Amino acid sequence: MKFLITGVSGFVGEELAYFLQKNPKYRILGIDKNKNHELDSSKIIFKECDLTSNKDNLNNIFNQFRPDVVIHCASKILDTYDNKLIWKTNYYATKDLIEICSKYNVKKFIFISTFSIFQKNYDHAINENEKPSYKTTYGKTKYFTEQMLLKSNFSGDIFILRCPIILGKKRSYRFGVLFGLIKDNYNIPLIGKCKNKISFVHVVDVCIAIENCLQFTGKSIFNIAADESEEFQYILKRLIKKVNSKSKLVHFNKTIGNLIFDLVTFLRLVPYTSYHKKIFNYSMILDTTKIKKTIKWQPTYSVEKMFEENYLYCFKN
């Protein structure tokens, strides 16, 4: 079976390529507009390709490789204020991609989406039928792309994974500032009371879900997340206790805290974007009943295990 992975130089794309290459029956081609200097494997072919600007190059890649499965990880997230570029990358490039998949009779198309199509407080677990509440261009383009794919003329199977915040060893830097404070026994500043609950998922569990999709047919959207639904402050308290830190949680006024967060992210003083502000402001727990029942997926990582792994990896590397 032949796989084409877009965005292979990104966090999820790279992890997925390494995950799939363990199976000797799989052939993997990864494409990205940025050269991946860390992708070190004789089993993974890399082709440089910008999905937004060179359809001829993309067409030639498909013509030569003839993939059975396309896994679309490439995306423009919240690291840009160029709304046109976000639309061009997330929506229109995906529209071109699914058309090429139809042309070359790709059997399965798997799209990595996001729970950023939701952005408000929910007092219930969010299932796949929940109406979107996006407030960002990123969330809007992801939702519109989902709908476009499901309405497309593509005759193969389409699986859309709505992912919450994805954690993994190579993304431990995202919490590097927070982990550094815990390691050095400094107090942790939090926005508001931090009683909100938020979903997380480990990148390995995303990879497992993708491989599970290969055994099923149809067109479906699946929420994917770890099982726990805990207040974020309790996640931090447990980690602090686990690593024997003397850090305490300090709660800032929500309005002032959000203003400070916006300022430091705008100045790029911390490796966060407005996407990460939902950790402190919104309760968003994904209902994963459908994915467990339909493709027999179960999470292997708890939230506790994810944060502990990230903390330890952050200081070993």
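Visitor: What makes Asp 96 and Lys 55 a salt bridge?

Guide: A salt bridge needs a side-chain nitrogen of Lys or Arg within 4 Å of a carboxyl oxygen of Asp or Glu. The closest N and O atoms of Asp 96 and Lys 55 are 3.8 Å apart. That value is within the limit, so the pair counts. A word on the ground rules: this is a predicted model, where local features need pLDDT of at least 70 and side-chain atom pairs count only at pLDDT 80 or more, while totals for chains, interfaces and linings use all residues. Residues are numbered from 1 along each chain as its sequence is written, and side-chain values use heavy atoms, with hydrogens and water left out.

Visitor: Which parts does the pair of Asp 96 and Lys 55 tie together?

Guide: Asp 96 sits in helix α3 (residues 83-103), and Lys 55 in helix α2 (residues 55-65). The pair therefore ties together parts that are 41 residues apart in sequence. Helices here are DSSP runs of H or I with at least four residues, strands are runs of E with at least two, and both are numbered from the N terminus.

Visitor: Why is Asp 96 called partly exposed?

Guide: Buried means under 20% relative accessible area, exposed means over 50%, and partly exposed lies in between (1.4 Å probe, protein chains only). Asp 96 has 21%, so it is partly exposed. Lys 55, at 43%, gets that label too.

Visitor: How do you know that Glu 99 and Lys 95 form a salt bridge?

Guide: Their closest N and O atoms are 3.3 Å apart, and that is within the cut-off. Both residues lie in helix α3, four residues apart, about one turn of the helix. Glu 99 is partly exposed at 40%, and Lys 95 is partly exposed at 32%.

Visitor: What makes Glu 304 and Arg 238 a link between distant parts of the chain?

Guide: Their side chains meet in a salt bridge of 3.7 Å, N to O. Glu 304 is in helix α11 (residues 303-316) and Arg 238 in helix α7 (residues 232-242), 66 residues apart. Glu 304 is partly exposed at 35%. Arg 238 is partly exposed at 24%.

Visitor: How many salt bridges does the structure hold?

Guide: Nine.

Visitor: How many disulfides are there, and how do you know?

Guide: A disulfide is a pair of cysteine sulfur atoms within 2.5 Å. By this rule the count is zero. For Cys 163, the nearest cysteine sulfur is that of Cys 73, 8.9 Å away. For Cys 213, the closest is in Cys 163, at 11 Å, which is too far for a bond.

Visitor: Are Cys 163 and Cys 213 buried or exposed?

Guide: Cys 163 is buried, with a relative accessible area of 2%. Cys 213 is buried at 0%.

Visitor: What makes β3 and β10 edge strands?

Guide: Two strands pair if DSSP finds at least two bridges between them. The open sheet has seven strands in the order β3-β2-β1-β4-β5-β6-β10, with parallel pairing. β3 (44-48) and β10 (219-223) each pair on one side only, and these are the edge strands.

Visitor: How do you know that β6 and β10 are joined?

Guide: Five bridges join β6 (residues 157-163) to β10, and the two run parallel. In this region, Ile 158 stands opposite Lys 219 of β10.

Visitor: Why is β10 described as largely enclosed?

Guide: Four of its five residues are buried, so the rest of the structure largely encloses β10.

Visitor: Where does Ile 198 lie, and why is it called buried?

Guide: Ile 198 lies in the loop between β8 (188-191) and β9 (200-202). Its relative accessibility is 2%, so it counts as buried. Its C-alpha atom is separated by 16 Å from that of Ser 133, 65 residues apart along the chain.

Visitor: Why does Ile 260 count as partly exposed?

Guide: Its relative accessibility is 42%, which falls in the partly exposed range. The residue is in helix α8.
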